[in-house]
Amino acid sequence: MGRVNEPPRLPGGSFAAWSRDRLALARRGAAECGDVWQLEPSVYVAAAAGVCEAVLRRAQDFPKPSSPLFPPLKRAGGAPMPEERAQARAARMRGLRPQAVAARIGEIAPGTARFADQWPTGRDVEILPLVRPALAEIGVRYLFSEDAPALLPFAWQLFVAREVLVRPSRWVWPRWMPTPARRFRTRRQVAFTNALRPIVRRRRSSGRLGDDVLGQMLRPSSRYGPLSEEAVLDTLPGITVATFETPSRAAGWILLHLARYPQAADRVAAEAALLPADPATTTSTHLDNLQYTQALVREVLRLHPPSWLLTRRTTRQTQLADYTIDAGSTVLVCPYTAHRDPREHSEPDRFRPERWLDDSGSPAKAGVFLAFGTGPHGCEGAALAMAMLTLMTAQTARLYHLSEPPGAEPGYRVTTFEGLATAGLHLRATLRG
């Protein structure tokens, strides 16, 4: 059975053109071709809020491709079974769910305060190299507590390996081919695993498992018992990098908006003035009181979702909007266009944090907010990322006025490969008051 009707093709479109100017083509395709459109044979784009939500939630029809950046290391015992990987994910989530993050706000807040305190003032500073180490320290400490200092250098090398691995290339190599980037990735993954293994054994032998994410993974499940050591070690490289890589991209956009919208920054600063003087005493109540700050973060993530394009591949013939999509087809889910759907957001291209404070601005409404995905494969660390970004935004606005370098052109370039980022962004911080 073929398509219900001939799908509209993106005018003049091709995958090569899409790669050159993705955001413009995504907006043009959504405007001219509707909720779902065909990019090329067997490649479709879900552009509207409702269909994006549907694809992400229908995991049986549109499963997430299994292509982790840090796959399990090859060992004599073989890779973990699917059941064990699911058990490992459930164990991770015990430490990453919103209640767990709320209980540890006092451990997250000091790192965001240090970031603000150490910002060089009076000169233009490139933002992403400033943000990434700060968020890496916060994220790794959240995962590993007192063992974080020993693991942080290895975690940073995992990030470097990730950057090398996802660098755009004119060649697409088979997954089994040991390219230099993949060999480099494996060496860094082995080094991280070798550093983590004695920590896992020490905690288990002492019985002091800890209350961090690693400790939650070491606790036996009432249903499955303890995770194997290899399952623990294999599941942590990816989540370690994810705790700071994606939030770093988001932080660049957030700080840029603090510079461009000084009245919004002043309102964030007024909220932040009520935070405790000692960041370690910050609680989830303090975080909840940063309502406008959270709205600002959410609005920036709406306009510039760091993971702006998600890939799903159909395993069986299925229906999506007006199309019958054959098995093996690729569906590109585009939160960037979904977030700018005028049926869901009034004045969708306008920066207006207040929309999230209105009764109608509920992020739980289908398709309205997909910055962290949704459904079975939604971002595990969404609550942690929101806490980190909200507190970093508040602490920065509390201390500084931010400004862009003078000039007609923006002092950064937008990159879209593997995420939406402000490469080369420079800002200047001036002390408030």
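A crossing of two helices is left-handed if the near helix is turned anticlockwise from the far one by less than a right angle, and right-handed if clockwise. In this predicted model, local features need pLDDT of at least 70 and side-chain atom pairs count only at pLDDT 80 or more, while totals for chains, interfaces and linings use all residues. Residues are numbered from 1 along each chain as its sequence is written, and side-chain values use heavy atoms, with hydrogens and water left out.

Helix α6 (residues 105-117) passes helix α7 (residues 128-144) in a right-handed crossing. The two helices pack at an angle of about 165°, and their axes are 9 Å apart. This makes α6 roughly antiparallel to α7 (a term for angles over 145 degrees). Contact, meaning heavy atoms within 4.5 Å, involves Ile108, Gly111, Thr112, Arg114 and Phe115 of α6 and Leu130, Val131, Ala134, Glu137, Ile138 and Tyr142 of α7.

Twelve aromatic pairs occur in the structure; rings of Phe, Tyr and Trp (its six-membered ring) pair if their centres lie within 6.5 Å, with planes under 30 degrees apart counted as stacked, over 60 as edge-to-face and the rest as tilted. In one of these, the rings of phenylalanine 159 and phenylalanine 244 form a tilted pair, with centres 5.7 Å apart and planes at 55°. Phenylalanine 159 belongs to helix α8 (residues 148-165) and phenylalanine 244 to helix α11 (residues 229-260), so the pair ties together parts 85 residues apart in sequence. Both phenylalanine 159 and phenylalanine 244 are buried (under 20% relative accessible area, with a 1.4 Å probe and protein chains only). Ring pairs also link Phe115, Trp119 and Tyr400 into a cluster.

Conventions. Axes are lines fitted to C-alpha atoms, for helices over the stretch in contact, and angles run from 0 to 180 degrees between N-to-C directions. Helices (H or I, at least four residues) and strands (E, at least two) are DSSP runs, numbered from the N terminus. Angles under 35 degrees count as roughly parallel, over 145 as roughly antiparallel, 65 to 115 as roughly perpendicular and the rest as oblique. Buried means under 20% relative accessible area, exposed over 50%, partly exposed in between (1.4 Å probe, protein chains only).
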